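I opened this entry to keep track of what I looked up, going from the chain as a whole to single side chains.

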Amino acid sequence: MHLLELFAIAVGLSMDAFAVSVCKGLSLRSYRPGRSLLAGLYFGGFQALMPLLGWLLGVRFQQVIVRVDHWIAFVLLVLIGANMLREARQEGESLDEAMGPRAMLPLAVATSIDALAVGVTFAFLQVDIVPAVGFIGVTTFVLSAVGVWIGSAFGARWRERAQQAGGLILILMGAKILIEHLGLLTL
């Protein structure tokens, strides 16, 4: 696999994590670089881990993974997005700035499930997996860290509207994933 092809795959896989990082940044009251680094570690780590797991699973479980990955991502993103919308409507409610495992693990899993299928594909193509997952992880780390910063910059000015938009974006991302995998839409 050529470096340009791997870069395209890494950026493509990172886009969901970037969008969710922007949404997470929207919930922050004040920006701190450590928050960007933490989001980068969660999202970059899972984007590296999932293709490795997919590669290890290989052909054996490909049909099972492909049948349920879109449902898992859909449910997680809709639940998280709906929670953001609910929080945006509650007056005086403090925003969920949590970046601990309970807040970040579901987001990291939801945005990296498609990387599991990519890992299965890597097994078929006999890709050198260690550099490939490292490149994917680093790319996602950088884009996620920048995403939190961007979300924070906009969230400080338009917090309530931005949180509503972020929740809606997550729900729409979940719906898009489901619709594409059901074959109703091809983008």
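This is a predicted model: local features need pLDDT of at least 70, side-chain atom pairs count only at pLDDT 80 or more; totals for chains, interfaces and linings use all residues.

I then looked up the secondary structure, where the chain shows 6 helices and 0 strands, so that, by the DSSP runs used here, the elements read α-α-α-α-α-α from the N terminus on. For contacts between residues at least 6 apart in sequence, I noted that 93% join residues at least 24 apart. The accessible surface of the chain came to about 9800 Å², with 69% of it belonging to carbon and sulfur atoms.

Next I searched for aromatic pairs, and the structure holds 1. Phe 7 and Phe 135 form this pair, with 6.3 Å centre to centre and 65° between the planes; it counts as edge-to-face because the angle is over 60 degrees. The partners are 128 residues apart, Phe 7 sitting in helix H1 (residues 3–26) and Phe 135 in helix H5 (residues 129–155).

Last, I turned to Thr 111, which lies in helix H4 (residues 101–125) and is buried, with a relative accessible area of 1%. A polar atom of the Thr 111 side chain lies 3.0 Å from the backbone oxygen of Leu 107. Leaving aside neighbours within four places in sequence, I listed the contacts of Thr 111 as Leu 13, Asp 16, Ala 17, Val 20, Phe 43 and Gln 47.

How values were computed
Residues are numbered from 1 along each chain as its sequence is written. Side-chain values use heavy atoms; hydrogens and water are left out. Rings of Phe, Tyr and Trp (its six-membered ring) pair if their centres lie within 6.5 Å; planes under 30 degrees apart count as stacked, over 60 as edge-to-face and the rest as tilted. Helices (H or I, at least four residues) and strands (E, at least two) are DSSP runs, numbered from the N terminus. Buried means under 20% relative accessible area, exposed over 50%, partly exposed in between (1.4 Å probe, protein chains only). A polar contact is a pair of N or O atoms within 3.5 Å; within protein, one must be able to donate a hydrogen and the other to accept it, and residues adjacent in sequence count only if both atoms are side-chain atoms. Contact means heavy atoms within 4.5 Å. Accessible areas come from the Shrake-Rupley method with a 1.4 Å probe; for residues, only the protein chains shown count as cover.
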